[in-house]
Amino acid sequence: MMYLSDILDGLAFTELQGSADVEITSVTFDSRKVQPGSLFVAVKGTLVDGHDYIDQAIKSGAIAVICEDLPARTVAEVDFLMVADSGKALSIVAANFYGRPSEQLKLVGVTGTNGKTTVATLLYQLFRDLGYKCGLLSTVENQVNGTVIPSTHTTPDPIELNSLLAEMVEHGCDYCFMEVSSHAIAQHRIANLVFAGGIFTNLTHDHLDYHKTFDSYLKAKKAFFDGLPKAAFALTNSDDKNGNVMLQNTQAHKKTYGLKSMADYKARILENQFEGLLLHIDNEEVWFKMVGTFNAYNLLAVYSTAMLLDQDKSKVLTSLSKLTGAEGRFEYIVAPNKVIGIVDYAHTPDAVQNVLSTIHDIRKGNEKVITVIGCGGDRDKTKRPVMARVASEWSDKVILTADNPRSEDPGQIIKDMEEGVDPAFKRHTVSIVDRREAIKAACMLANPGDIILVAGKGHEKYQEINGVKNHFDDMEELEEQFKEMN
């Protein structure tokens with residue numbers, strides 16, 4: 001329990017009605033979670049305005065309210081604070097309420113379009129293998145030193161975020177590795193967190209449904225690096241054309257990694273096979289269990305981060321060579337008749353091309369590549385035709401299907417995708433709305449040695465249709481079909 005005056009540390013407010021000398025039992029921006037003694041923060045969200053629920057929060061026992069606009073009627077027994085941005089205020093008070101946990105461990109953030117989950121997960125696995133207690137905040141799952149906490153967003157809301165960080169501190173964690181999404185940056189979810197370092201992977205077409213333009217998407221990512229403290233490091237991919245943009249205004253120590261251009265940390269691919277990668281990295285030849293050029297970048301980013309965190313080079317490379325990365329990222333299985341099945345989370349045009357170009361680079365002969373792919377509903381529509389075009393250009397056969405249609409008609413989503421398929425490729429592109437049937441069809445079309453890529457959902461164990469999450473697992477479906485292959 002804390003006093004409101006303590007929770008307001010560092011918060012700029014324009015007006016205070018009340019004494020701020022009241023005890024606060026919890027902080028929330030959800031009126032349904034208000035308890036007697038709560039501080040309620042009225043946040044203006046994209047779908048819901050918390051100001052509409054101030055009365056409900058007070059009825060449920062809120063003793064203080066932070067808002068941008070005072071309600072028409074205030075209650076004498078309740079403290080009211082006016083702020084310019086209640087979303088930013090939420091991040092500040094949440095950090096204060098939980099004792100500013102990000103300052104009590106080394107928090108490293110990973111941002112970019114592709115690779116965030118793999119890099120964060122590999123760092124978590126690596127540092128635990130090196131003997132440290134660690135936390136992980138990722139799209140796939142959150143972990144507190146081995147204890148799994150299911151994940152609902154790439155970056156949690158400020159209250160959940162600080163609560164998880166406080167739990168990590170309580171368990172003695174030395175590090176936390178965290179995916180930082182562009183949404184979280186734009187919505188100030190990470191405001192008031194103190195980072196020991198930031199990593200940039202790459203920037204390609206994604207989330208334009210939210211950011212509207214590529215420029216605003218880029219600026220959201222860049223804002224993360226602009227906010228890093230002097231004591232932190234800013235590590236960026238020098239082979240990405242936007243890599244150096246991220247470093248322009250940062251106060252942090254600037255470092256780069258790359259496979260092609262000049263960089264502080266360099267690597268070169270010597271072998272690239274389904275069994276793994278042989279890299280020449282920092283004057284050492286090391287075999288890794290992960291596959292593809294995109295994973296060479298991920299591994300190099302992790303290695304560079306470990307060096308910036310003063311870890312032993314030999315121990316880091318030995319440990320990294322044993323790791324396999326995040327679930328649902330280029331996971332593959334082999335059927336009895338040698339058909340190869342690959343499940344990957346690729347859900348942007350660039351990610352799809354990365355996976356398919358990797359398959360192209362490491363296939364040995366005339367094996368056909370059959371791709372099953374869909375696009376999510378209620379998300380960036382502009383990438384739908386692009387993803388279908390990329391898939392059709394890099395595959396021998398493409399099956400367009402449902403992903404997570406959410407509230408949209410899956411048939412219409414597929415029509416949007418079909419618009420991007422060049423007439424020359426239409427003859428080897430078919431549409432099957434039912435994802436299970438699409439995977440089954442791909443398996444029926446495959447001959448021994450062929451490669452089936454099921455893209456878009458990766459680690460997800462559900463398919464969301466009209467607000468209902470139905471159990472669905474791409475790998476499970478592939479395994480089931482592969483049992484029938486001889």
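Biologist: How are H3 and H5 oriented to each other?
Modeller: H3 and H5 are roughly parallel to each other, a term for angles under 35 degrees, whereas over 145 is roughly antiparallel, 65 to 115 roughly perpendicular and the rest oblique. This is a predicted model, in which local features need pLDDT of at least 70 and side-chain atom pairs count only at pLDDT 80 or more, while totals for chains, interfaces and linings use all residues. Residues are numbered from 1 along each chain as its sequence is written, and side-chain values use heavy atoms, with hydrogens and water left out.

Biologist: At what angle do the axes of H3 and H5 cross?
Modeller: Helix H3 covers residues 86-97 and helix H5 residues 158-170; their axes cross at roughly 25 degrees and come within 9 Å. Helices (H or I, at least four residues) and strands (E, at least two) are DSSP runs, numbered from the N terminus. Axes are lines fitted to C-alpha atoms, for helices over the stretch in contact, and angles run from 0 to 180 degrees between N-to-C directions.

Biologist: Which residues of H3 and H5 meet?
Modeller: From H3, Leu90, Ser91, Ala94 and Ala95 meet Pro158, Ile159 and Asn162 of H5; contact means heavy atoms within 4.5 Å. By class, this contact of H3 with H5 has 5 nonpolar, 2 polar and no charged residues. Ala, Val, Leu, Ile, Met, Phe, Trp, Tyr, Cys and Pro count as nonpolar, Asp, Glu, Lys and Arg as charged, and the others, Gly among them, as polar.

Biologist: And H4 with H10, at what angle do they pack?
Modeller: Helix H4 (residues 116-129) and helix H10 (residues 293-308) pack at about 45 degrees, and their axes are 9 Å apart. H4 and H10 are therefore oblique to each other. On the H4 side the contact is made by Thr118, Val119, Leu122, Leu123, Leu126 and Phe127, and on the H10 side by Asn295, Asn298, Leu299, Ala301, Val302, Thr305 and Ala306. The classes in the contact of H4 with H10 are 9 nonpolar, 4 polar and no charged residues.

Biologist: Changing topic: is Asn142 buried or exposed?
Modeller: Asn142 counts as buried, because its relative accessibility is 2%; buried means under 20% relative accessible area, exposed over 50%, and partly exposed in between (1.4 Å probe, protein chains only). Asn142 lies in strand E10, residues 141-144. A polar atom of the Asn142 side chain is 3.2 Å from the backbone nitrogen of Ser138.

Biologist: What about His428, where is its place?
Modeller: His428 is in the loop between helix H14 (410-418) and strand E23 (429-431). With a relative accessible area of 13%, His428 is buried. A polar atom of the His428 side chain lies 3.4 Å from the backbone oxygen of Ser395. Leaving aside neighbours within four places in sequence, His428 is in contact with Ser392, Ser395, Asp396, Lys397 and Val398.

Biologist: What is the phi of Asn192, and of Asn283?
Modeller: Phi of Asn192 is near 75 degrees, a positive value in a residue other than glycine. Phi of Asn283 is near 70 degrees, again positive in a residue other than glycine. Asn192 is in the loop between helix H6 (182-186) and strand E13 (197-200), and counts as partly exposed at 26% relative accessibility. Asn283 lies in the loop between strand E17 (276-281) and strand E18 (284-288), and is exposed, with a relative accessible area of 65%.

Biologist: Finally, how far apart are Ala20 and Leu81?
Modeller: Ala20 and Leu81 are 61 residues apart in sequence and 9.2 Å apart in space, C-alpha to C-alpha. Ala20 counts as buried at 7% relative accessibility.

Terms used
A polar contact is a pair of N or O atoms within 3.5 Å; within protein, one must be able to donate a hydrogen and the other to accept it, and residues adjacent in sequence count only if both atoms are side-chain atoms.
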